[in-house]
Amino acid sequence: MKVTRPELSWWERTYFPAILKGMKLTFSHIFRKRVTLQYPEERWTLPPGYRGQPVLLTGLDGHEKCTSCKLCQFICPPEAIRIVGGETELAKEKFPKEFDIDMGLCIFCGYCQEVCPVEAIWLKDAYELADYDRTNLIFDKEKLLAIGRKPPYLPGREKPLEEGR
Amino acid sequence: MPLIRIDDQEIEAPQGETILRVALKHGITIPYYCYHPALSIVGQCRMCLVEVKGAPKPLTACSTTIGALPPDKKIEGKYDMVVSTKSETARKAQRGVLEFLLLNHPLDCPICDQAGECQLQEYSYTFGDPASRLEFEKVHAPKRVDIGPHVVFDVERCIKCTRCIRFCQEISKTGELTLSERGVHTRVDTFPGRKLDNPYSVCTVDICPVGALTSREFRFKERVWFLKSVNSVCQECARGCSVRVDAYKGEVLRLVPRDNPQVNGPWMCDYGRLITERMKGLDLAGRPLLRSGSAWQGYEWKDFGAALVERVGGSPASKSESWAVVLSGRLSLEEMAGAQAVSQAFFKRSAGPVPDVAWGEDDELLIRKERRPNLMGARLMGIPVGEQNAPLSGLFAGKKAALILREDVVGDAQGAEKAAIQKALGAMDLVIVADSSFTETARLAHVFIPLAGWHEMEGVYVNFLGVAQKTARAVVPPRDRRPFHEVASLWLTAAGHDAPEPTFLGWHARVKESVPGLAETSIKELLPHGLQVLDAPAKKKVKKGEGA
Amino acid sequence: MTEVLKLLTRNVGKPNSTHVDAYMGSGGYEPLMTVLHKWTPEQTLNEVKGANLKGRGGAGFPAGLKWSFLPRGKEVLKYLVCNADESEPGTFKDRLLIENDPHSILEGIIIAGWATQAAGCFFYIRGEMPAGARIFQKAVDQAYAKGFLGKNILGSGFNFDVWVSRGAGAYICGEETALMDSLEGKRGQPRLKPPFPAGYGVYGVPTNINNVESYANVPLIIKNGASWYTAIGSSSAPGTRLFGISGHVKRPGVFELPSGVTLRELIYEHAGGILGDRPLKAVIPGGSSVPVLRADQIDVTMDPDGLKAVGTMLGSAGVIVMNDSVCMVKALLNLMEFYAHESCGQCTPCREGTHWLELIVRRLEEGGGRPSDCDLILDVAGNIMGRTICPLGDAAAMPAISFVQQFRQEFEAHAREGRCPMRDVRMTAAI
Amino acid sequence: MTITLGHYLILAVFLFTVGVIGALTRKSAIIVFLSIELMLNAANVVFMAMGRYFGQLDGAVFVLFILAVSAAEAAVGVAIVVAFIRRRGTTDIDAANLMKW
Amino acid sequence: MMAAVVFFAVAFLAFLGALALVFHRHPMVAGLGMALSTLSIGVLYVLLRVPFLGLFQAIIYAGAVMVIVLYIVMALGREETGPRVGSVQTGLTYVAAALLLLQFYWAIVRSGAGPFPEGSALAPVTSGGTSYPFGTIQAFGSLLVSHYSVPFEVASLLLVGAMVGAVILSRRSWS
Amino acid sequence: MNAYWPIVVPALIKIVVILGIVLTGVAYTTLAERKVSAWMQDRRGPNRVGPFGLLQPVADGMKFFFKEDITPREAYRPLYLLAPFLTLFPALITFAVIPFGTQISVGGQTYPLIIAPGMDVGVIFLLAVSSIGVYGILLAGWSSGNKYSLMGGLRSASQVISYELGIALAVMSVVLWTGSFDFRRIVDDQAGWGHFWFVGPQFLAFIVFTVAVFAETNRLPFDLPEGESELVAGYHTEYSGLRFAMFFMGEYANMITASAFVVLLFLGGWNLPFVNYAWFGPLWGGLLSAVVFFAKVAVLLFVFIWVRWTLPRFRYDQLMSLGWKRLFPLALLNLVLISTLLVLRGRP
Amino acid sequence: MSEQDVAELIKNPEFLAKVDRLVKSYPRPQTALIPILHLCQAELRHVPVEFQAFIAERLGLTPAHVRGVVTFYEMFSEEPHGRYLLQVCKTLPCMLRGSEALLEHLQNKLGIRPGGTTQDGRFSLITVECLACCDGGPSLMVNEALHKSVTLADADRILSELE
């Protein structure tokens, strides 16, 4: 593409006018309204669909919905998810004996939520996950379930999946 | 031969051959479920419907045979048959059948072990409609049916292709399975109280095109797309079935037969597969150990060669006749070559004998009573093979030192024989044991060499039919175990002897020198189906599959 | 009004008609003796061929031609099968013959055996006809006693056996290969064709299979000659046919008529008209598995060509008549339940498709349907049609398609109103 | 203690000698060049000290000239070194054994 | 007293820098040694009451010449070159250096300037033939543009020539 | 020795005071930088530590103090350790010759507000010392053993050398004008009736000098040595903790020096138009002059920050071309013009 | 219960003779399977798995095969039905002639649903597909006896005769 550059006068070629104009602009900003959010005191209203802490959900029967299909483990770009599957007496046959998410690796992409066929994993609106110890960032099944949501779910977010097929 | 056209491809096909076989042979995709190359043709899944010119309705490719037309009736002047697998008619038929198959098939792919290697899944993507038109409750049937000791049956997932039933009728000839009920309630079933319990029962899992039959041992272990597969050889009997070893994260999770008409067809026995279960119980060896008194001392490999040389050289039993060198039929050819070289260099005698361990009986299909995969290899290498099940205590009588490779002579012996061997070994000056697990024999050793398991190394094995096959490394040994040929290189070089490179290829070159059948062959020829290096003695034919 | 003939049904109603002596008293077994003593098997075969006897089981394949497919010669082991598994809804003509005139069937079988030099015949009768089985078994025993069966029949050197075998309640066993499987003591699942029974039948032996009525025609042909036979009825399907009329007619029953008779005549003359004198709504002219006809389509001759012209088939000539009290959706539901129940479960489209059709039609009938269901039925049935091993798939699909095509408004009315519009109309039962 | 002219001269002498050693023994062209500069600086010290001794600024003027010259020399010298390295890939003056460029 | 302390400290640093230049294997350290040396000499100039010349020394030698040299050394990478220890030339050089030292010493002694006689004490600051005090820029400038005007111009010519030469030499190509 | 006390004690006091002011200035310049940056971006800036974030520099300093000090394996250790000092010390030493006010008289004694009052070649001294400062950058870049650091060092060195020419020539024209290298003379020449701040008569020099000073201090738009998008953080990429803090302080100290330099040469030093400090008495006049001086410096520091958020970074070849092809000729031209003017005016 | 019955049955020489006769009467023994199963169904009113195993061995078939056959055919059941098996034809021609009413009537009268057995074990009610007497619909088959054109009154009479 051909870009036509404006013909500049000698004065303009020194760039002083442009520089001064720019300085004026930046200076004027000093007096504008501040947009900073005073974080711990003020907080965002999170938009719906905000992708924060991934958690595990339970079904109406109180058991985790996860069937250990490992699609999330497969899709997870940073390989933050580790699942050990096992057989259960429940109708779903299979359940995760172990289910870890390494929050140190998680990039909150939400692929796991997207790919989960049973809507067992969900990115909740929690985002304050910092810790002093990396090992504390590996969230195991119990923890993920504990911070996960239990039915009955809040209205408006998403309807709980019908149990069974 | 009749000239036919399938889609745009002109093919000369033998008369009487089915369309499906011809198409498969020429790389044309026709979906199918009930057809299996090693089983009879029933044509009941109706998935392989194709359009045949002149036929009023689509025909099943698996059962429609090719015939010759008289010259004046040839289609388009030259073809005996014109088949279309992609025409609107054919596609519609395939789509329709697939829709029917999926009607009552549960959508539990996330749970199903077959997901990832499921023909129903694959064809659904290729041929099916994205959405189901069924708006009714699916027909429910029992799940997790305990159909046999190694097989679990999910009735809902079954698409009634009857491959498993035909397998039991035609291959294992045990007939445990049948269809029961009828209509939409038709299901595969056993007789009450009689399980699917034959030595080949897991083959039904292999041939099940969906996840209806699952292996109890592999069930829910791992999703198949995580598995890393290598071609290998089963180690459990002299048949040496061609297998595929599927492993994940350093653990061998299952063995699946590879279709090899020369050896095992598409089948393998349950006993061979259960090696994954037996491996779990093994106390897998770590690093080289030397014993003085009752204390074991661990070594690094780099120091171990010298330690070995010193221990052997310093032992009073340095005369050749005082050494017993017992090899195993579990050693690969390369390891045998290594053992032979070590034996000649340090003990001034040739290695052997190789005990011929046998139990059970040969059956009509695959299982051999000789339990070592490489006995024929030992014979080819010129290493003497003992009498079948001959007691081993005689080998150690009067000897002062022993080198025992991959054979748990103590653990495998019984009663008085066991005591005799224990006594003989206990009285020796120097016992060197090399194995991949710390066996009972190893407890009596002065030197223990940790060997890589068969799944952790490459090697060539010759089965009783004289077919040489190569294994590949399925798993990197989590601890530092090595195949014996590498140990041999270490040992020989530590003493200043010439030795090949401590690699499979280095020693394989040495093997080629001593096995005439292998001399002219390349490694490539040993893959994937092996190579007949010896005329087989009265070869008993296995029912052949032709590449399912 | 076409004259009711008494050829096949000549012995029906006679006292003691099932006894061999009665049968022989009216000239029975004479044709058999004729062929055994005077005719070669070839001659016999050609005579039947010449009569152009069309199979009466439904497919209408010429019987003589079918026989000729069997390998020739005495030395080749072959079997005959008589298909007495009459289970098509609306068809009940064979029961009449079996229960009233078993010997004419038996004679036809033995003549066919002579013509084809078969070793014997399996008489496969429905399990639901225990009486028929008993009667026929008795007839066989009598025939053995008279020497019409067994070794060296009537001194001709011809050995022939008849084995009576009962089915056990499976419509599909009326299909020839399923019947053979059933005979072999297996699940009655149809076999893949080819190989055809003429090459690979019962026990893998070349086998010929014919319907009861077909066999019953054979003595008549032998007795009177092929030319006599071809003169009766229409030229394309000579001979008389046993028309069974059921449903909403005043006089249901079996009528033996030449095949050229029209449907209207059959219903209004022979069967005495519509029950309750209500208007006619629909007719299924050839057993439940053929396409249905509307009331305005009944002026057709009851032969294959005539029915083909209105898009249906003669089938097994079982006419089911429905008056205007019938809800067509309910009628179809009944048929679909039948086929779903009777599908053997072997091949996919039939196993799954019939079940699905049943579900769709039931939903329509029960009021949960939607207008698109009509097209869904057509599409699903179309997917079954011609995709199955045996004709049961077609048999289920054809009524489904024809019901929807012929009575689409009624189906749509169900969907539209969310209920069966005729649910309050009680079907007339004239009992 | 007073600092005399001798102090400056002896310092200059030492610096100069070290410069000579560097110029003659080092391989690197850059170090050789710097050694020569060091010798110049030693001379400068003498100029300055003498000028101070005689109460004349002429020594300082000379120093200024030498500064100018050495700056010029630095420019040319560095340019030569750069060009040499470009051609030979080393600063080793032994590599400069050809009488042509 | 103060001046003596400063002198010895600075002289030591100058010598140290010189030694680093010649004997340190590392060209970067060698260069830094040279820089240290020149800076120290600059301080000596200040002690000798010509402060601005000392600052010039710092600006020109330390600030320009040495920076450019080090720049080159840096750009070359970390090549290490030591002295040619053991070669004949090295031996001869040391002999020559020793002889040189002796000769200088003899010369200094002969001249009566050393070692450190009180009489060779540096003279008090005088105007030195100009109307300005010794060591001031004014004095220096007037001397430069009057008595030394011709050498001054020649030096500037030399500088221009050197500049042109450097540019020509470091041109990659003439294209 | 007693003769020294009247000189040494006030000098020591002045050193302590000036260093205190400068180091505090450095600290708060960092805060100012962050605050002003924030304002210009409609943010608030640091406001957590202390009122309005005033203790933020303390917190930062503490943090630097406790941070781990890492020496890379590839680093050439002696020089790596030396480099930060070579950056910081020259930056601080320059304050020795910068006068920051007239003088104050306490107890009959008059103390000029400069650490080294006798230095009549302060301008050259300043130039000399700042030319030494480049060693720190050069050594840091080279000794880190990191290609980014090396590139940063090389860029910085050539940039500093290139722009030093402009500075020297611009200074020269001022020196020609006043005929002295003494800051005090230069400032005095800008004081009183009939004299102008040199920003007027020496406008070209002012422009050249200011621009060059931005480059000398590696500030935007000339912060190529740090160009984080290409060079991570330039020559101090590998430094952390206290050593990094030294670079950081050095950079801000240089900014203050540069601002002071500009104020002294062109903006009239502590002079204000129509103000005579003698009016306020010997003590208060002196202090007031110092306050005015530092206020001017502060304004210039603000300009530094202001420019940072206004102008984008130069490309390296543009930087060089600006230095050599624009500023250098301009400075020469200015020198010729000034000389001509002086000759025409006939001033000695 | 069924185990005992089977044990008795397969020891009953009369029954065994019948079986043997059937086996011999066909060209190949397996053809006798369905007739034998009919025998058992008639004797025990169902075909228990024990009998299936017995007959499989007798005929040289696998038990699974026999089970497949038993479950395939409608007339064999693995669970016993009542002494009288009432089979109502529900297919179209019979439906047209009132089989629904008949079935409803029987249900009400016996208090069982199709597939059920009365508590006293006398009657089992099932629906069957076409009995091939469409002209005589609605048809009702009681064990092996076929009743045509069964009115509700007929049905009552038939039942009462059985009691």
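## A walk through the predicted model

Let us start with helix α3 of chain G, which is mostly covered: 10 of its 12 residues are buried. This is a predicted model, in which local features need pLDDT of at least 70 and side-chain atom pairs count only at pLDDT 80 or more, while totals for chains, interfaces and linings use all residues. Residues are numbered from 1 along each chain as its sequence is written, chains are lettered from A and ligands numbered from 1 in the order in which they are written, and side-chain values use heavy atoms, with hydrogens and water left out.

Buried means under 20% relative accessible area, exposed means over 50%, and partly exposed is in between (1.4 Å probe, protein chains only). Helices (H or I, at least four residues) and strands (E, at least two) are DSSP runs, numbered from the N terminus.

Back to α3(G), which covers residues 33-44. Its buried residues are G:L33, G:I34, G:P35, G:I36, G:L37, G:H38, G:L39, G:C40, G:Q41 and G:L44. The expected span of a helix is 1.5 Å times one less than its number of residues. After the helix comes G:R45, with a positive phi near 60°.

Now compare helix α6 of chain E, residues 149-170. Its 22 residues reach 32 Å from the first C-alpha to the last, close to the 32 Å expected at 1.5 Å a residue. Which residues of α6(E) are buried? They are E:A155, E:A162 and E:A166. These residues cover an arc of only 30° around the axis, so they sit on the same side of α6(E); the arc is that of the directions from the helix axis to the C-beta atoms. On the other side of α6(E), E:V150 and E:L157 are exposed.

Chain E also meets chain D. Contact means heavy atoms within 4.5 Å, and here 70 residues from chain D and 87 residues from chain E take part. The size of an interface is often given as the accessible area lost when the parts come together. Buried area is that loss (1.4 Å probe), summed over both parts. Between chain D and chain E it is about 7,000 Å², of which carbon and sulfur atoms give 77%. On the chain D side, D:R26, D:R52 and D:L57 lose the most area to chain E, together 12% of what that side buries.

Chain D itself has three helices and zero strands, in the pattern α-α-α along the sequence. Of its 101 residues, 65% count as buried. Among contacts in chain D between residues at least 6 apart in sequence, 49% join residues at least 24 apart.

Chain B has 15 helices and 24 strands. Its C-alpha trace spans about 90 × 55 × 40 Å along its principal axes, and 59% of its 548 residues count as buried. Of the contacts in chain B with a separation of 6 or more, 66% come from residues 24 or more positions apart. One residue to look up is B:R239, in the loop between β11 (228-233) and β12 (242-248) of chain B. B:R239 has a relative accessible area of 4%, so it is buried. Its C-alpha atom is 7.0 Å from that of B:V263, 24 residues apart along the chain.

Finally, the aromatic rings. Rings of Phe, Tyr and Trp (its six-membered ring) pair if their centres lie within 6.5 Å; planes under 30 degrees apart count as stacked, over 60 as edge-to-face and the rest as tilted. The structure holds 72 aromatic pairs over all chains. In one of them, C:Y171 and C:F338 have ring centres 4.8 Å apart and planes at 65°, so the pair is edge-to-face. The pair links distant parts of the chain, 167 residues apart: C:Y171 is in the loop between β3 (161-166) and α8 (176-183) of chain C, and C:F338 is in helix α13 (residues 328-342) of chain C. C:Y171 is buried because its relative accessibility is 12%, and C:F338 is buried at 1%. F:Y239 and F:F247 also form an edge-to-face pair, 4.7 Å centre to centre with 65° between the planes.

Key:
Buried area = accessible area lost by both parts, 1.4 Å probe.
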